[in-house]
Structure formats: structure tokens, C-alpha cells
Amino acid sequence: LEKEDAIARQNAFFAVEAWTSELESGEIAAYVPMVLEVLFESLDDGTNEEQNQPFSWSVFRRKECALAIATSAATDASDAFAPFLADLLPRLENVVRAHVRDENDANDQKKLRLRACAIRLLGAIVEGETCRTALGNQAIEALVQNVASGFAS
């Protein structure tokens, strides 16, 4: 992306994040599919954190903003995420389990920030009764173990 395009896209993410945080809980549920489409696009953008491939600041910010938008939506409408868990959880697991070699490395710091964002989103999602039921206690325990193992890497 050209610098101007990257800045415009980043500003659009900020605007959407602010907008979702202002919606009432009953209103945001209708927008969850759109929010997740944006999240999936940003998380599937072709960078490979598993292989420690560096990614640009604009790609990182897009991912971070998309996770923040989804977290804002999940905070008010977590049960609306239930139909999308099969597509969402593997993507979040990839973010959480991204290998960090050096906490002082700029690329690894981005991974750690994204990991924190993904964990916040997971926490917001499991607050919903429908999501907890869909996941079940064993799946939630496995999810917690995966999150914990992400910090061990």
C-alpha cells in the first residue's frame, strides 16, 4: 500500500473502533459479521508470524485495530460471535502462539501486543453464555492452556 492508502485505512479502522464503542449492546450484534470479516481479512493478510517474517507497521496497526474493534463488539454482544467460533478461534490461536524470540526485537514486540489484543478478545467472547455453551468447559480449559503456552514461547 502507498503511504497515503495505509494512513487512510488506519484512520478508517480508528473511526470504526470509535463507532462500535458508542453503539448499544442490542445494536452491535447486527454488525458482528461485518466486524469479523474485517478481522479475518486483517489476520489473513499473508504475513507469517510463525516463521518470524517481519510485517510492516501499517499491517501491524491494521491487525491491532481489527482486534480492538472485535473486542469492542464482543464486550457488548459476545453471544453474537457463537456462529463464527469455528472460523475465529484458529486465527486467534495463531496470533497467541506466534513465536517470540526476543522481547526487545521490534517485530516480536508487535507480536506480543497482538497476543494481548487476541487474549482480550477471547476473554470478551467467553463472557457470553451462548459462546460458553458452544465451547464447553473442556474447550475453554484448552483455550486457557493454549493462551498460557503462548506466553511460554
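Guide: Start with the elements. Helices (H or I, at least four residues) and strands (E, at least two) are DSSP runs, numbered from the N terminus. This is a predicted model: local features need pLDDT of at least 70, side-chain atom pairs count only at pLDDT 80 or more, and totals for chains, interfaces and linings use all residues. Residues are numbered from 1 along each chain as its sequence is written, and side-chain values use heavy atoms, with hydrogens and water left out.

Visitor: How many helices and strands does the chain have?

Guide: The chain has 7 helices and 0 strands. Read in sequence order, the pattern is α-α-α-α-α-α-α.

Visitor: What percentage of the residues counts as buried?

Guide: Take the cut-offs before the value. Buried means under 20% relative accessible area, exposed over 50%, and partly exposed in between (1.4 Å probe, protein chains only). Of the 153 residues here, 41% count as buried.

Visitor: Which part of helix 4 is covered?

Guide: Helix 4 is mostly covered, with 16 of its 21 residues buried. Now its length. The expected span of a helix is 1.5 Å times one less than its number of residues. Helix 4 reaches 30 Å from its first C-alpha to its last, close to the 30 Å expected.

Visitor: Which residues of the largest nonpolar core touch the most other members?

Guide: A nonpolar core is a set of buried Ala, Val, Leu, Ile, Met, Phe, Trp, Tyr and Cys residues joined through side-chain atoms within 4.5 Å. The largest one here has 37 residues, and Leu39, Phe81, Leu88, Leu92, Leu121 and Ile125 touch the most other members. At least two residues of this core come from each of helix 3, helix 4 (57–77), helix 5 (85–96), helix 6 (106–125) and helix 7 (129–152). Helix 4 gives the largest share, 9 residues.

Visitor: Which residues does Phe81 touch?

Guide: Contact means heavy atoms within 4.5 Å. Leaving out residues up to four places away in sequence, Phe81 touches Val32, Leu36, Ala70, Ala73, Ala74, Leu88, Leu121, Ile125 and Cys131. For the whole chain, take contacts between residues at least 6 apart in sequence: 74% of them join residues at least 24 apart.

Visitor: What is Ser42 in contact with, leaving aside neighbours within four places in sequence?

Guide: Ser42 is in contact with Arg62, Lys63 and Ala66. Ser42 sits in helix 3. Its relative accessible area is 4%, so Ser42 is buried.

Visitor: How many salt bridges does a search of the whole structure find?

Guide: A salt bridge is a side-chain nitrogen of Lys or Arg within 4 Å of a carboxyl oxygen of Asp or Glu. The search finds 5. One of them joins the side chains of Glu64 and Arg61, at 2.0 Å from N to O.

Visitor: Why are Glu64 and Arg61 separated by about one helical turn?

Guide: Because they lie 3 residues apart in helix 4. Both Glu64 and Arg61 are buried. They also belong to a network of salt bridges, linked with Arg113.

Visitor: Where do Asp108 and Lys111 lie?

Guide: Asp108 and Lys111 are in helix 6, 3 residues apart, so about one helical turn separates them. Their side chains meet in a salt bridge, 3.4 Å from N to O. Asp108 has 1% relative accessibility and counts as buried. Lys111, at 2%, is buried as well.

Visitor: How far apart are the closest N and O atoms of Arg97 and Glu93?

Guide: They are 4.0 Å apart, and the pair forms a salt bridge. Arg97 is partly exposed, at 38% relative accessibility. Glu93 is partly exposed too, at 34%.

Visitor: Where is Val100?

Guide: Val100 is in the loop between helix 5 and helix 6. At 8% relative accessibility, Val100 counts as buried. Val100 and Leu112 are 12 residues apart in sequence, and their C-alpha atoms are 7.6 Å apart in space.

Visitor: Which residues make the nonpolar surface patch?

Guide: Patches are made of residues with over 30% relative accessible area and no salt bridge: like charges are joined within 9 Å, nonpolar side chains (Val, Leu, Ile, Met, Phe, Trp, Tyr) within 5 Å. Val16, Trp19, Tyr31, Met34 and Val38 make a nonpolar patch of about 380 Å². Helix 1 (3–22) and helix 3 (32–43) are the elements that give two or more residues to this patch. Val16 lies in helix 1. At 31% relative accessibility, Val16 counts as partly exposed.

Definitions and conventions:
Areas by Shrake-Rupley, 256 points an atom, 1.4 Å probe, with all protein chains shown as cover.
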